[in-house]
Amino acid sequence: MRFIHTADWQLGMTRRRLGEDAQARYSAARRDAVTGLGALAAAEGAAFVVVAGDVFEHNQLDPQVISQSLEAMRAIGVPVYLLPGNHDPLDAASVYTSALFRDECPDNVVVLDTAGVHTVATGVQLVAAPWAGKRPTTDLAGAALAALPDPAGAIRVLVAHGGVDVLDPDPTNPALIRMAGLQDALDRAAVHYVALGDKHSRTDVGGDGRVWYSGSPEVTNFDDVEADSGHVLVVDIDETDPRHPVTVASRRVGRWRFRTLRRQLDTAADVAAFGEELDALRDKDRTMVRIGLTGALSVTEHAALDDLLDRQGRRFAALYPWQRHTDLVVVPADGEFDDLGLGGFADAAVEELIATARGDDETAAADAQAALGLLLRLAGHDRGAA
């Protein structure tokens with residue numbers, strides 16, 4: 001028995017740093033990842049798709065997002081089982097109970113809206129642990145497992161959402177899924193595989209290959225936070241072996257990247273090397289980059305960096321400074337403005353700006369550094385035009 005395990009689609013997600021055009025492309029990519037599961041299911045011979053929570057970004061969505069999402073699910077072709085998670089729980093405002101969802105939901109899409117056993121094929125059962133609100137007061141997976149009858153030979157998959165205590169050992173969180181309970185259910189063959197959602201990076205929990213987070217099929221956060229997203233899992237459970245061993249294969253479906261770059265820049269060569277690094281990044285129109293820069297540059301070097309970031313910023317989906325990890329000092333170098341040929345009052349004004357830029361007043365120094373940098377850039381453009 002083969003199926004696809006995925007989670008955390010979060011359809012309708014927006015990212016503040018993406019401009020209007022890039023946001024539209026990012027939203028389309030998230031839907032395309034869903035639609036593409038149809039071809040993957042056909043190629044792999046998967047009988048159905050399980051989405052382990054957070055299908056939607058939240059319950060209050062634009063009707064167009066819901067309609068387009070349901071069309072993407074329709075295109076998958078095989079049955080698709082949706083588990084409500086913490087982003088889209090079965091509360092009073094649930095998207096799953098809205099008139100729009102009910103009216104347009106395709107025949108191949110089923111919401112796992114009750115806890116417990118759902119028979120999806122002869123001898124195949126899903127054990128669902130849906131969220132009824134954003135703040136459960138108990139381990140929902142554990143509660144679903146505790147009420148299970150004997151499997152009577154059926155293959156069972158637990159579908160749950162949330163953090164697992166061995167990865168997020170917060171004793172104050174009553175909703176954490178207890179790994180000991182999962183392991184006990186697997187050991188006594190009450191279930192044979194645990195399909196989890198909530199963690200956006202692909203993760204084998206426990207290391208024996210029977211408890212997995214699939215991760216989000218399209219990136220949702222930067223690579224220093226979300227190290228291994230962009231996948232779905234193809235799960236095989238052997239029906240012929242009484243022990244029902246599990247084999248899991250990962251398939252990359254994501255196309256976007258959110259990169260974090262932290263670099264120290266102290267020389268013109270450092271600036272040039274950083275530019276080459278940005279140049280080398282592929283798929284810039286599908287890449288968002290946040291940069292944390294430290295070091296000390298002359299005004300000329302900093303002006304070159306500004307030019308570099310302006311130019312590269314037009315190429316990427318987004319490129320912006322990570323403010324709390326940015327501490328770049330600009331110090332006017334001796335003789336740096338000698339060849340501008342300004343003369344008279346303008347020369348005196350430049351000298352005053354240089355003195356202020358080297359001073360102790362951080363706000364005034366920053367303003368002076370910016371002014372000097374602009375002066376150099378304009379002077380450079382003028383010389384180039386001449």
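Reply: Helix α1 gives the second largest pocket the largest share of its lining, namely five residues. Both α1 (20–35) and α3 (63–74) supply at least two lining residues each; helices here are DSSP runs of H or I with at least four residues, strands are runs of E with at least two, and both are numbered from the N terminus. The model is a predicted one, in which local features need pLDDT of at least 70 and side-chain atom pairs count only at pLDDT 80 or more, while totals for chains, interfaces and linings use all residues. Residues are numbered from 1 along each chain as its sequence is written, and side-chain values use heavy atoms, with hydrogens and water left out.

The volume of this pocket is about 200 Å³. Its lining has 14 residues, of which Gly12, Ser27, Arg31, Val65 and Gln68 are the closest to the centre. A pocket is an open set of points on a 1 Å grid over the protein atoms alone, with protein on both sides within 12 Å along at least five of seven lines, and a residue lines it if an atom lies within 4 Å of a point. The points are joined across faces, edges and corners, and the volume is the space filled by probe spheres set on them. By class, the lining is made up of seven polar, four nonpolar and three charged residues, where Ala, Val, Leu, Ile, Met, Phe, Trp, Tyr, Cys and Pro count as nonpolar, Asp, Glu, Lys and Arg as charged, and the others, Gly among them, as polar.

As for the rest of the chain, the protein has 10 helices and 16 strands. Of its 386 residues, 48% are buried, meaning a relative accessible area under 20%, with exposed over 50% and partly exposed in between (1.4 Å probe, protein chains only).

One of the helices, α8 (residues 299–313), has 15 residues and spans 20 Å from its first C-alpha to its last, close to the 21 Å expected at 1.5 Å a residue; that expected span is 1.5 Å times one less than the number of residues. Among the buried residues of α8 are Val299, Leu305 and Gln312. Gln312 counts as buried because its relative accessible area is 0%, and, leaving aside neighbours within four places in sequence, Gln312 is in contact (heavy atoms within 4.5 Å) with Gly275, Leu278, Asp279 and Lys284.

With a relative accessible area of 43%, Asp113 is partly exposed. Beyond its neighbours within four places in sequence, Asp113 is in contact with Leu90, His118 and Pro130.

Strand β5 belongs to an open sheet of six strands in the order β5-β6-β7-β8-β10-β9, with mixed pairing. Its edge strands are β5 and β9 (203–204), each pairing on one side only; two strands pair if DSSP finds at least two bridges between them. Two bridges join β9 to β10 (residues 211–213), which run antiparallel, with Asp204 opposite Trp212 in β10.

Elsewhere, β14 (residues 287–297) and β16 run parallel and are joined by four bridges, and Gly295 stands opposite Leu328 in β16. Strand β16 (residues 327–330) has Leu328 and Val330 on its covered face, and Asp327 and Val329 on the uncovered one.

Notes:
On a 1 Å grid over the protein atoms alone, a cavity is a set of points where a 1.4 Å probe fits but cannot get out, and a pocket is an open set with protein on both sides within 12 Å along at least five of seven lines; lining residues have an atom within 4 Å of a point.
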